[in-house]
Amino acid sequence: MHLNVVKKTLALLIVFSVTGMLGCQHEVASKLTGRWDMLPPDQIATAGGQAKADGETSSNEKAADATEDLYDSVAGGETNGTMSLVFHRNGKLETFTDFPMASTGKPKVGKWSILSWNKKAEVATVRCDLFDEITETKVTFIDDNTIQLIPPNIAVLEMELRFRRNQ
């Protein structure tokens, strides 16, 4: 009978531990979880996003220009390549590229976590660990299905690109 009480107590501890860990997930993590596909320049809407202020370039134009630069530098001017980011709920990160001049045919796999969340600005700071390279990137939520960020797999290029949720 004593062994039965110990087993039940242990089972309850495990249940509380698991539910406690699940409940500790950052509030924006579920908003970011999923597959995001890079938008080509012609699909980055001129309406929406951040408006121009005092002659500054809008976030739409910056994303479109950066995407065109990426196509020119990595894809040799071709627009048939793409990039996808997959933020798994368990903290796993996968990045896929299929540009003719830059693809290895295999995803880069690592980890991701939320460092901070500015709810008013709709900007999350995300830590990414890919191939022993740790980067921090700001993810701006344009809307529920569109984000803009410097992808962790090409952080050295410092190109802020726009991605749409793959439904």
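Trainee: What joins the side chains of Gln148 and Glu160?

Mentor: A polar contact of 2.8 Å joins them. The term is used for a pair of N or O atoms within 3.5 Å; within protein, one must be able to donate a hydrogen and the other to accept it, and residues adjacent in sequence count only if both atoms are side-chain atoms. Gln148 and Arg162 are also joined through their side chains, by a polar contact of 2.5 Å.

Trainee: Before we go on, what kind of model is this?

Mentor: This is a predicted model, where local features need pLDDT of at least 70, side-chain atom pairs count only at pLDDT 80 or more, and totals for chains, interfaces and linings use all residues. Residues are numbered from 1 along each chain as its sequence is written, and side-chain values use heavy atoms, with hydrogens and water left out.

Trainee: Why is Gln148 called buried?

Mentor: Its relative accessible area is 2%. Buried means under 20%, exposed over 50%, and partly exposed in between (1.4 Å probe, protein chains only), so Gln148 qualifies as buried. Gln148 is part of strand β7, and among the residues it touches, leaving aside those up to four places away in sequence, are Ser59, Ala63, Lys138 and Leu161. Here a contact means heavy atoms within 4.5 Å.

Trainee: What makes β7 and β8 a pair?

Mentor: Two strands pair if DSSP finds at least two bridges between them. Four bridges join β7 (residues 146-149) to β8, and the two run antiparallel; Thr146, for example, stands opposite Arg164. Strand β1 (residues 34-38) also pairs with β8 in the antiparallel sense, over three bridges, and there Arg164 is the bridge partner of Asp37.

Trainee: Why is β8 described as largely enclosed?

Mentor: Four of its five residues (161-165) are buried, so the rest of the structure largely encloses the strand.

Trainee: Which residues have the most contacts inside the largest nonpolar core?

Mentor: They are Leu32, Trp112, Val126, Leu161 and Phe163, in a core of 28 residues. Strand β5 (residues 123-130) gives the largest share of this core, four residues. A nonpolar core is a set of buried Ala, Val, Leu, Ile, Met, Phe, Trp, Tyr and Cys residues joined through side-chain atoms within 4.5 Å.

Trainee: How many helices and strands does the chain have?

Mentor: The chain has three helices and eight strands. These are DSSP runs numbered from the N terminus: helices are H or I with at least four residues, strands E with at least two.

Trainee: Where does pLDDT stay under 50 with zero contacts beyond four places in sequence?

Mentor: That is residues 15-24. pLDDT is the predictor's confidence in each residue, from 0 to 100. Residues 46-56 also stay under 50, but the model has 11 such contacts for them. The chain averages 79, with 70% of the residues scoring at least 70.
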